[in-house]
Amino acid sequence: MKEITQIKGDFFGKDIITLDQFSSSDIQFLFHHVGQYQEIADTNTLSKTLAGYIITLLFYEPSSRTFGSFCSAAQRLGAGIIPVQNPQAVSSVSKGESLEDTIRTFASYSDAIVIRSKEAGTAQKAADATYIPVLNAGDGGASHPTQGLLDLYTIYQSVKRLDNLTVVATGDILHSRTIHSLIQGLSLFAKNTIYLLSPKELRLSKEDYKKFSGNGIVIKEIFDADQIPTHAHVWYWNRIQKERFATQKEAEKYTNRFVLTKELLHKYGNKNLMIMDPLPRVGEIDEAVDQDPRAYYFKQMRNGLYVRMTLFSLILKRL
Ligand code: CP
């Protein structure tokens, strides 16, 4: 089995499986390079950085942002792509081919594999099956490291630091891989506090609570909107992850328990607050909030393109 490799200042050839691989200086190094890729994307410059490279996108679960931004990132850098959405229907997975053989197959035709899967740990299994870099685009409810990176980048762009922050994350904390990665990312920097607002049934699992709170971040679980601190730098709203529940009915019990409205914002938000959401939005933020200058979620989505372009470049080329 391939070990999870620490980045240690050198992204070249590495898998991206979890934010545990990163140090604060690795994140700062990555962010230092993002501006040049933003410039390429925003000016529609035809970059040849990855000309001659092919990247496979193997998505076992639906996606708009992660799939779209990884496809766009590869092509804006001159790479070709093998886009495989729903391999259960369109590839030899439908004939019973194993994950490992599927990975070996696409590794024969490409230089990196981006994988989204239903099960925690699948990205690591994929990485173990090949020597080309594997990037985790979300593995079940466990983690979504590239989302974590773009979320941190969005905060950094606005607040200009990643320490001494108070963040409120809301929704399905139990199953939200984006919130798990955000906690891991914030843990790499000093003196951060995260309030986790959710129905009691959807709080962090005991195992995750132990794992995440051992990394230096202060975690405060709250179960009522009245407990939202008014001094927060970021509100990170996220939907109920209905695909992780046994039945739709079960998920519906929790849907939109905490909706971000103008009224809530007026009551507990301060003037410098950033409102974020990894999206898709399914009612957890009222559309009336979109016009508020504190709404960062669409900017956050665009940042995914810049951060993923930077990651591809650092992993496939030595800058
Ligand atoms: N944020 C995110 O992962 O969105 P998609 O599921 O659309 O990729």
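The C-alpha centres of domain 1 and domain 2 lie 25 Å apart. Domain 1 covers 19–144 + 304–316, and domain 2 covers 145–301; these bounds come from an automatic or database domain assignment. The model is predicted: local features need pLDDT of at least 70, side-chain atom pairs count only at pLDDT 80 or more, and totals for chains, interfaces and linings use all residues. Residues are numbered from 1 along each chain as its sequence is written, and side-chain values use heavy atoms, with hydrogens and water left out.

Start with the domain interface. In contact (heavy atoms within 4.5 Å) are 30 residues of domain 1 and 27 residues of domain 2. The size of an interface is often given as the accessible area lost when the parts come together. Here the buried area is about 2500 Å², taken as the accessible area (1.4 Å probe) that two parts lose on being put together, summed over both. Carbon and sulfur atoms give 62% of that area. Leu19, Arg65 and His144 supply 31% of what domain 1 buries against domain 2, more than any other three residues.

Next, the charged pairs. A salt bridge puts a side-chain nitrogen of Lys or Arg within 4 Å of a carboxyl oxygen of Asp or Glu. The whole structure has eleven salt bridges. Two salt bridges are counted between domain 1 and domain 2. The side chains of Arg177 and Glu61 form a salt bridge at 3.1 Å, N to O.

Now the helices. Helices (H or I, at least four residues) and strands (E, at least two) are DSSP runs, numbered from the N terminus. Helix 1 (residues 24–42) packs against helix 6 (residues 145–159) at about 80 degrees, axes 11 Å apart. Axes are lines fitted to C-alpha atoms, for helices over the stretch in contact, and angles run from 0 to 180 degrees between N-to-C directions. The two helices are therefore roughly perpendicular (65 to 115 degrees). Helix 1 contributes Ile27, Leu30, Phe31, Val34 and Gln38 to the contact, and helix 6 contributes Leu149, Leu152, Tyr153, Tyr156 and Gln157.

Two backbone details remain. Most residues other than glycine have a negative phi, and most peptide bonds are trans. Asn164 is not a glycine, yet has a positive phi of about 55 degrees. Asn164 sits in the loop between helix 6 and strand 5 (166–170). Leu279 and Pro280 are joined by a cis peptide bond, with omega about 10 degrees. Pro280 lies in the loop between strand 9 (274–276) and helix 11 (297–316).

Key. Angles under 35 degrees count as roughly parallel, over 145 as roughly antiparallel, 65 to 115 as roughly perpendicular and the rest as oblique.
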